[in-house]
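Hi,

Here is the structure I promised to pass on. Have a look through it first, and then read my notes below.

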Amino acid sequence: MIMYVKNTAKTNDAKAWEKLFSLYPGLEQPIRETYNDPSSARRIYMLTPTKTRSEQKPDLTRLAQTLYLIPNLLWIIIEDEVKPTLRVRKILESFNIPCVHLNYPTPSYLKITANQSYWRKPRGMLQKNIGLDWLRNNTQPTEDALVYFADDDNTYHWRIFREIRKVQNVGVWPVGIVGELLYEGPVCTKGKVHSWFCYVFRNRQFPIDMAGFAIHLRLIHSHKDYYFNVSADSIGQQESHILSTMTTIDELECLANDASKIYVWHTRTIPTYLTSEDRLKRARLSYDLLEEVV
Ligand code: UDP
Ligand code: MN
């Protein structure tokens, strides 16, 4: 049974936004809150490493569609590949949002082997380092802008980007579904962090996920030799390491309404086993992979 069908027929209405707002009143809020927000003059540089996996295109699609709601954001995508692929370029071009497409291949000794737990190897760190280099070579240290490390399979509410734009030096907020809890995050009063809510690896100085903080661009320039470490003992310590290098707990700015709101979730894309591909191979049958592997 069809409950409700909107008339979405295209007309030559000059006021397309007003038309959209009347069709979808819920759209008005993100547009007004983000595009009309004076702080949107402060640019966000969002660094996203992305590895080749069958879920890569759907993940990037979801993320790109979120980014339509965010003004003045430059999306720096760093592919884990020997050169930028046509596959990712095409998907980025299809959205036509401001982005920079870079690449850096993870050497094989740092890649997770089939029988290894995912947390045994660094994930996307060398790619983030390429993003740091790009920022240092292509932006001015005087620019009032923010840097956010955003993995391709997380889920971002449009309001997280408003929180990022409030950051003066380093800002922190809770992250959902992480650390084997519904959320982890700073415990704050009046914008200051006094402790952390987390369970696993709680001996870290800054026990927080990569999605739970943003840094002013100035700090990326002033710590010009800072790179993420990929040695075995730095796994799980990267967030704590960059934060302890660039700030102190006392200096942290606690956002998301004193850490009472969750606007980003560490959702994880798990591998889908394409088992029937093996069956096809065994039967000496193949199928057209379309453009999926180009
Ligand atoms: N990634 C990468 N190379 C790798 C593994 C991961 O570029 O060898 C990227 C991946 O696309 C994602 C980020 O690094 O944007 C974090 O990886 P993943 O989501 O697999 O890690 P987790 O969520 O488990 O921390
Ligand atoms: Mn992830």
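Where is the place of Thr142? Thr142 sits in the loop between H5 and E4 (helices are DSSP runs of H or I with at least four residues, strands are runs of E with at least two, and both are numbered from the N terminus). With a relative accessible area of 72%, Thr142 is exposed (buried means under 20% relative accessible area, exposed over 50%, and partly exposed in between, using a 1.4 Å probe and protein chains only). From Thr142 to Arg165 is 23 residues in sequence and 16 Å in space, C-alpha to C-alpha.

Before I go on, some housekeeping. This is a predicted model, where local features need pLDDT of at least 70 and side-chain atom pairs count only at pLDDT 80 or more, while totals for chains, interfaces and linings use all residues. Residues are numbered from 1 along each chain as its sequence is written, chains are lettered from A and ligands numbered from 1 in the order in which they are written, and side-chain values use heavy atoms, with hydrogens and water left out.

Now back to H5. Helix H5 covers residues 125-138, 14 residues in total, and reaches 20 Å from its first C-alpha to its last, close to the expected 20 Å (the expected span is 1.5 Å times one less than the number of residues). Ten of those 14 residues are buried, so H5 is largely enclosed by the rest of the structure. Among the buried ones are Met125, Leu126, Leu132, Trp134 and Leu135, and also Lys128 and Arg136. What do the buried residues of H5 pack against? Their partners are the strands E1 (43-50), E2 (73-79), E3 (99-103) and E4, plus helices H7 (217-222) and H8 (238-246) (contact means heavy atoms within 4.5 Å).

Ile235 belongs to the loop between H7 and H8. Leaving out residues up to four places away in sequence, Ile235 touches Trp119, Arg120, Lys121 and Pro122. Ile235 and Thr50 are 185 residues apart along the chain, with 18 Å between their C-alpha atoms.

Asp153 itself is in the loop between E4 (145-149) and E5 (155-156).

On to the backbone. Most residues other than glycine have a negative phi. Glu180 is not a glycine, yet its phi is positive, about 60 degrees. Glu180 is in the loop between E7 (175-178) and E8 (181-189), and counts as exposed at 73% relative accessibility. Asp258 also has a positive phi, near 55 degrees; it is in helix H9 (residues 256-259) and is partly exposed at 29%.

Val200 is in contact with Glu180, as well as with Gly179 and Glu184, leaving aside neighbours within four places in sequence. Val200 lies in the loop between E9 (192-197) and E10 (213-216) and counts as buried at 18% relative accessibility.

Last, the second largest pocket has about 310 Å³ of space. A pocket is an open set of points on a 1 Å grid over the protein atoms alone, where a 1.4 Å probe fits, with protein on both sides within 12 Å along at least five of seven lines; lining residues have an atom within 4 Å of a point. Volume is the space filled by probe spheres set on the points, which are joined across faces, edges and corners. Of its 14 lining residues, Ser54, Leu274, Leu289, Glu292 and Val293 lie nearest the centre of this pocket. The lining divides into five nonpolar, three polar and six charged residues (Ala, Val, Leu, Ile, Met, Phe, Trp, Tyr, Cys and Pro count as nonpolar, Asp, Glu, Lys and Arg as charged, and the others, Gly among them, as polar).

Cheers
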